[in-house]
4 protein chains.
Amino acid sequence: MTVNQLILEMGRSGSFGAGRLAKAVDIYEQMLRDDATIFFGFSGAMVPAGMKQIVIEMIKRDMVDVIVSTGANMVHDFVEAYGGRHFKGTCQTDDSKLYSEKIDRIYDVFIPDQYFVDCFDKPMLGICQEIYGEMMKNKNSPRLSISEFFKKVGMLMKPCEDSIIYAAYKADKPIYVPALNDSCFGLLWDRKYPSVKEVPKIQLDVMGDMENFFEMFRASKKTGALVLGGGVPKNFIFQAAFTTGKKLDYAIQITMDRPEPGGLSGATLEEAVSWGKVKSKASYVQVIGDTTICFPIMVAAVMERIFEK
Amino acid sequence: MTVNQLILEMGRSGSFGAGRLAKAVDIYEQMLRDDATIFFGFSGAMVPAGMKQIVIEMIKRDMVDVIVSTGANMVHDFVEAYGGRHFKGTCQTDDSKLYSEKIDRIYDVFIPDQYFVDCFDKPMLGICQEIYGEMMKNKNSPRLSISEFFKKVGMLMKPCEDSIIYAAYKADKPIYVPALNDSCFGLLWDRKYPSVKEVPKIQLDVMGDMENFFEMFRASKKTGALVLGGGVPKNFIFQAAFTTGKKLDYAIQITMDRPEPGGLSGATLEEAVSWGKVKSKASYVQVIGDTTICFPIMVAAVMERIFEK
Amino acid sequence: MTVNQLILEMGRSGSFGAGRLAKAVDIYEQMLRDDATIFFGFSGAMVPAGMKQIVIEMIKRDMVDVIVSTGANMVHDFVEAYGGRHFKGTCQTDDSKLYSEKIDRIYDVFIPDQYFVDCFDKPMLGICQEIYGEMMKNKNSPRLSISEFFKKVGMLMKPCEDSIIYAAYKADKPIYVPALNDSCFGLLWDRKYPSVKEVPKIQLDVMGDMENFFEMFRASKKTGALVLGGGVPKNFIFQAAFTTGKKLDYAIQITMDRPEPGGLSGATLEEAVSWGKVKSKASYVQVIGDTTICFPIMVAAVMERIFEK
Amino acid sequence: MTVNQLILEMGRSGSFGAGRLAKAVDIYEQMLRDDATIFFGFSGAMVPAGMKQIVIEMIKRDMVDVIVSTGANMVHDFVEAYGGRHFKGTCQTDDSKLYSEKIDRIYDVFIPDQYFVDCFDKPMLGICQEIYGEMMKNKNSPRLSISEFFKKVGMLMKPCEDSIIYAAYKADKPIYVPALNDSCFGLLWDRKYPSVKEVPKIQLDVMGDMENFFEMFRASKKTGALVLGGGVPKNFIFQAAFTTGKKLDYAIQITMDRPEPGGLSGATLEEAVSWGKVKSKASYVQVIGDTTICFPIMVAAVMERIFEK
């Protein structure tokens, strides 16, 4: 039984979580066939959880147009590009012992702390200095928006088939990280941080991306959101739909967050209709389930529908 | 029966959620008596949910030292300071109808869309222009960190006893909003946004706060985190503890997020021990429950212990 | 600040969980003032969590009319009546080690396994034999419904002010345990179970309670449900409302279960309206939060309103 | 890509929910190859959600040995066997309107209320009267355990390839429903229930199944539990493992319940180790995710491994 056959079975009964997942597959397929601009919200520790290859495949196959990510996912992507690895661990463990062994835990994933120095701080600092040097040479003000920054990182990092940042650069798809400071990237700007010898003087303008991000919405015939988790990536995409008046025609969110506490991550897509973020006649669905399970299934089923004919 | 008496009862049985909430009260009391620097993480739609007065009271009574917030909470605080209101609504509603009536829904709270124009965009734009004008007069580069920006907003906004931004300014407590662009603040930087006549040319440096935020950690004898929800505010506080090596001595998180999906919001505080964000011998507790219920109880009980003797 | 004052504050903002909890207090107060028959659904490990005293107080003050419980809660109540105790433990522990030390864990509560033998099997078996002997003497068929069984247990157990079973017996309030076999009670009927020397020959008729339970609904002027958790107790109460056509006039549920997976525990009270279990004009509310926190607060606030004037 | 290939990919990264689901597939495969007695706990509205066919297939292929179900799932199975249907509905609906149209809602599934009369009450009452008549003819006491009752129902109902009850009867696999009264079955014992003309006089002994259920544990070389949801079915299986000392060698639970509120449904399998319900060296895993998604995937992958070589 292929993954798509399973999804079709789920769609036949059409109820509960299975029905919602089957609907998500239908909507993702529609988004692609309708040539909507697809904004991909990428939150949660998805790279440590092994979801990277799927995202790279989506980029290469043009199944996504714009990436809006947490800082952490980009950090972990870069770490792996420079030789770092995430190990299968366990959450039944003694964290004090892990600490003394310099191993960081992300749920049931282990990562040696040293990787953040060797595979992030050092190479990323080098790249930052190169960016700064080039800007100075061209007598530019050393000011960049965050999406420009990621484009330069993709250009200057070592070519790596297994990196989201690199794949996005090669495919000319922008990466937005609205809260970049809230990740190891932020630490590079701390003069006293041990692995930083010289602080990069690049100025990253937090508002520098607003206009071009909105512009992409305005220029789109149809818009779609595909959100894993919620958080800043979800809100950033949805507020652009709200501001620009280009309400989402399609929206999929896979999350474990619930609406009852009132946070934006768990807010229903119906709520987004009241704001004018999602069209009232949009095709939309919220899948309440584990992202690391539902996301690979959805993408595999859609690929089967689109590419295997 | 006073709130603290109830908490003491809960502490006596000491189990499940009740036990954790009672422990949270004990830890918050300890933090205060031990004169720890208290970092307050403020995520979720807490201002719309009516939690504002509690935070203002905490600021006035010096029960918190540093505020790390989502953009949205600061937006809603500002809106209320300029006359906007949040109304008791319902989540059993027709969102298309709400949209056509220009009412935005936040779970079971309603807010007329017009407030964002009249009580946010217009006055905030005025303040931004004033900030810019003054910077130009002093021939400064128009560059601000986000905490500097909020200090200036507090200074220039109309005095308002009912505002977190104003109360923090008066009490000289910094406000950090690591993802400011991910809120109505970001929209002001969009030239085509209808209510923005002239875009402020202030440059908000996303990395501008890193050093001074870390500095506050480094300068603290003891550190404590009090986190509502999770999201960027939680991570921003915890990564500073990690980077500076000033592991948290005290940590409280109230959230509905669960550890199993692997996101940072729901990550256990034990996990944070592995990273060196929380001391292995720290006093810490995670309360899994509704923030709008647990937070007021916790604060009321602590106030009773500290101030009513 | 008293608990009721806090609740009144929560009601003033009226939103999110705080609003729902404040509404629950109002509804419970109304139920009592309106003299509704109150069906109390009691699931989850509430006795181990220390909620017993509250329930006893509710029974004594006539704040509840009918108890529908899981078997486990009645087992733990009986164990404590015969000297067993629940200890404050931790969920950060080595369960293999606990097993080898014969300590059973219930989340963060510890209970020595021996208590189930000494404080449950032995005295309960004695009571069962006494019941059986008396039935034989009166030449009755040894057949009992479960609520009759609990009445006899209350009558024959050693008087204990700290027992729900005993308090319910004294106050003449019936206890229903629809799934009695799903608890240590069931084990007594296993001939090979080590602590059972002689199996009681009492026949417990699973359907024996249906008519009298329905009769209580039919005889009620107004009906109210107050449900902690969900599970069998929730369904048993709601199906009686459905069957008898005495739709609930009032309904409160406190739970962490969510509607999305489609189970009855997390089903919304709106869903119950479609079935005719809850009146469409009923006063009802679902509080999504930790029961061990929300339940004591609710009861304390209602007591303050009802008894402290 | 086949479902098993996807699972193997998930197992390769091995983390978060995907890792747990991949582990569940491995464990289920082991259970089957090791010829363990497999106890299947079946809770939540799984038949309305369309999971029936999978369970029937598992029964036919001998992938399960003993079924422990909620009453509701058996009711809905019987309803469908007698021509009733569940319809794809929505949870965005007006439940008062549904009520007035006599349509019952189960999350996003609709079922006309009349089906419970025509496709359950009437045929089931006929079967009960037939059972009773036969018992009287043989001068037996009209007393049955619940598993005996279901065997007779399977024997006397109209043959139906699409029924769990019928398939279990044909395959000689017992069905246990510890809380049978907590379902439409219970209503048949209510003399005033409109569709019941004559109350069946069969006595269903709630404790009648204890010994034979325990016996199956005692007679097993190896034991495995496969639990959907939690509730009474989970506890009933686990307490038998505890009582008989035949700790589970294998255990899989798929649920959305969380451990923090302390209920048995969400209790970790580690907790079960402390009780001696699960072997400390057992192969076990808890998948925190939507059952209607994870269960079909797991079964499809295991079938591919076992039967498609």
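Guide: A residue counts as buried if 20 or more other C-beta atoms, placed from the backbone, lie within 10 Å of its own, as exposed if 12 or fewer do, and as partly exposed in between. Helices (H or I, at least four residues) and strands (E, at least two) are DSSP runs, numbered from the N terminus. This is a predicted model, in which local features need pLDDT of at least 70 and side-chain atom pairs count only at pLDDT 80 or more, while totals for chains, interfaces and linings use all residues. Residues are numbered from 1 along each chain as its sequence is written, and chains are lettered from A and ligands numbered from 1 in the order in which they are written.

Visitor: How do you know in which sense β10(C) and β11(C) pair?

Guide: Strands pair if DSSP finds at least two bridges between them. Between β10(C), residues 248-255, and β11(C) there are 7 bridges, in the parallel sense. One place to look is Ile252(C), which stands opposite Val285(C) of β11(C).

Visitor: And what makes the unit of β10(C), α12(C) and β11(C) right-handed or left-handed?

Guide: The test is to point the strands away from the viewer: a crossover is right-handed if the path from the first strand over the helix to the second then runs clockwise. By that test, β10(C), α12(C) and β11(C) form a right-handed β-α-β unit.

Visitor: Why are β3 and β4 of chain C called edge strands?

Guide: They belong to an open sheet of 3 strands in the order β3-β5-β4, with antiparallel pairing. β3(C), residues 87-88, and β4(C) each pair on one side only, and that puts them at the edges. The pairing of β4(C) with β5(C), residues 109-112, is antiparallel and runs over 4 bridges. Within it, Arg105(C) has Phe110(C) of β5(C) as its bridge partner.

Visitor: How do you know whether Tyr107(A) is buried or exposed?

Guide: The count for Tyr107(A) is 25 other C-beta atoms within 10 Å, so Tyr107(A) is buried. Tyr107(A) sits in the loop between β4 (103-106) and β5 (109-112) of chain A. Leaving aside residues up to four places away in sequence, Tyr107(A) touches Cys91(A), Pro259(B), Gly262(B), Ala267(B) and Phe16(D). Here a contact is a pair of residues with C-beta atoms, placed from the backbone, within 7 Å.

Visitor: What makes Asp35(A) exposed or buried?

Guide: Asp35(A) has 12 other C-beta atoms within 10 Å, and it is therefore exposed. You will find Asp35(A) in the loop between α2 (16-33) and β1 (37-42) of chain A. Its phi is positive, about 60°, although Asp35(A) is not a glycine.

Visitor: How do you know where the buried residues of α7(B) lie around the axis?

Guide: The buried residues of α7(B), a helix of residues 146-156, are Ile146(B), Ser147(B), Phe149(B), Phe150(B), Val153(B) and Gly154(B). They span an arc of only 155° around the axis, so they lie on the same side of α7(B). That arc is taken from the directions from the helix axis to the C-beta atoms. Their cover includes α6 (114-137), β6 (143-144), α8 (164-170), β7 (175-176), β8 (203-204) and α10 (210-218) of chain B.

Visitor: What makes chains C and D related as by an axis, and which kind of axis?

Guide: Chain C is superposed on chain D by a rotation of 180° with 0.0 Å of shift along the axis, at an RMSD of 0.0 Å. The two copies are therefore related as by a two-fold rotation axis. The same surface serves both, as 100% of the contact residues of chain C recur in chain D. The superposition is by least squares on the C-alpha atoms of residues with pLDDT of at least 70 in both copies.

Visitor: What makes up the side of chain C that touches chain D?

Guide: In this interface 54 residues of chain C are in contact with 54 residues of chain D. The elements of chain C that supply at least two residues each include α5 (95-100), α11 (231-244) and α12 (269-275). This side of chain C divides into 26 nonpolar, 15 polar and 13 charged residues. Nonpolar means Ala, Val, Leu, Ile, Met, Phe, Trp, Tyr, Cys and Pro, charged means Asp, Glu, Lys and Arg, and the others, Gly among them, are polar.

Note on methods
Contact = placed C-beta atoms within 7 Å.
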